[in-house]
Amino acid sequence: MRSIWNGAISFGLVSIPIKLVNATESHSISFRQIHKADGGRIRYKKVCELDGEEVATPEIGKAYEDADGSMIPITDDDLAALPLPTAKTIEIVAFVPADSIDPLQMETAYYLSAAGVPAAKPYTLLREALKRSQKVAVAKFALRGRERLGMLRVVEDVIAMHGLLWPDEIRAPEGVAPETDVTVREAELDLADALMDTLGSVDLDSLHDDYRVAVEEMIAAKAEGAPAPALEPAAGGGGKVLDLMAALENSVRAAKEGRAEGDEVAEVTRLPAKKTAKRAATKKTAAAPAAKKTASKSASKTVAKSAARSTTKTAAKTASKSAAKTASKTASKTASKTASKTASKTASGGRKRASA
């Protein structure tokens, strides 16, 4: 990696020659300005206001604009003559706990590389001292025309430095917090804690810039003359939250469902009232189908019994009527035959007596 600054770390009486290297890089996609009518590139020219002539970069210097608008020229020699001990030195002024640095102060990150073999021993000494103390070093250094504040810490086997804003460059958060008095209930805090536990931690290396990927795909498609890929619109996050508890519960549920299978998911701790209500609702819900089944079975049994009784009664009545009719016919036939035989015998006897 190319160094952007060469100097030394001043650690008491120890001087460590180092090189300053950018620790970060930007992957943002840059665009050019063009003329919409013909696609021509739009460029900016540096023009002198007095004569209207374009000025080349070597002919451009620095100046400070005074309150009345007048320009006070400042040369590189003027800046080099300043008695600034941090012009080529990162001067460590203190060692403090890491949590004493407000993250609001942090700016650009750099790697400090030992410049040459002789610098390896003092460099390693400072690195190991920082590791063992579990502290960070606060330092002053000069870069790009101004003195800055920095924080040195160990990243793997390298000393890294974060540029820090001066304390007076941090704005007070006046008028930012809600002006109205808001009361947060314990139930809402419990659900918020449950949501935080459910979401859990994340491997930062797995996160990527979805917007940049989408822009790159769109540019590639347009370069090939193809239509831009259709993307699903992002879910709207605006609007008022009418029921905060419901929103938190839905968030916990969605977070649980969205976790990959096999991941550890924190259990959601519900409030007792919520538990009771939920269990009661569950019991009612579970009891309803059972009650329906019982009622159905009871109704089926009743209908079956009624049908059986009705069938038995009907069969009995039918059998009784049939038996009565049969008996009546049999008796009638028997009586008729008996009467006929008797009459026949009587008539025969009468004829025999008359003959005699």
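Leucine 84 counts as partly exposed because its relative accessibility is 33%, where buried means under 20% relative accessible area, exposed over 50% and partly exposed in between (1.4 Å probe, protein chains only). The model is a predicted one, in which local features need pLDDT of at least 70 and side-chain atom pairs count only at pLDDT 80 or more, whereas totals for chains, interfaces and linings use all residues. Residues are numbered from 1 along each chain as its sequence is written, and side-chain values use heavy atoms, with hydrogens and water left out.

Leucine 84 lies in the loop between helix 1 (76-80) and strand 5 (89-97), helices (H or I, at least four residues) and strands (E, at least two) being DSSP runs numbered from the N terminus. Together with Tyr64, Ile72, Ile74, Leu79 and Leu82, Leu84 forms a nonpolar patch on the surface, with about 510 Å² of accessible area in total.

The largest pocket holds about 350 Å³ of space, a pocket being an open set of points on a 1 Å grid where a 1.4 Å probe fits, with protein on both sides within 12 Å along at least five of seven lines, and lining residues having an atom within 4 Å of a point. Of its 14 lining residues, Leu79, Leu84, Ala87, Ala142 and Gly145 are the closest to the centre. Helix 1 gives the most to this lining, with 3 residues.

Note on methods: Patch = residues over 30% accessible without salt bridge, like charges linked within 9 Å, V, L, I, M, F, W, Y side chains within 5 Å. Areas by Shrake-Rupley, 256 points an atom, 1.4 Å probe, with all protein chains shown as cover. Salt bridge = Lys/Arg side-chain N within 4 Å of Asp/Glu carboxyl O. Points joined across faces, edges and corners; volume = space filled by probe spheres on them.
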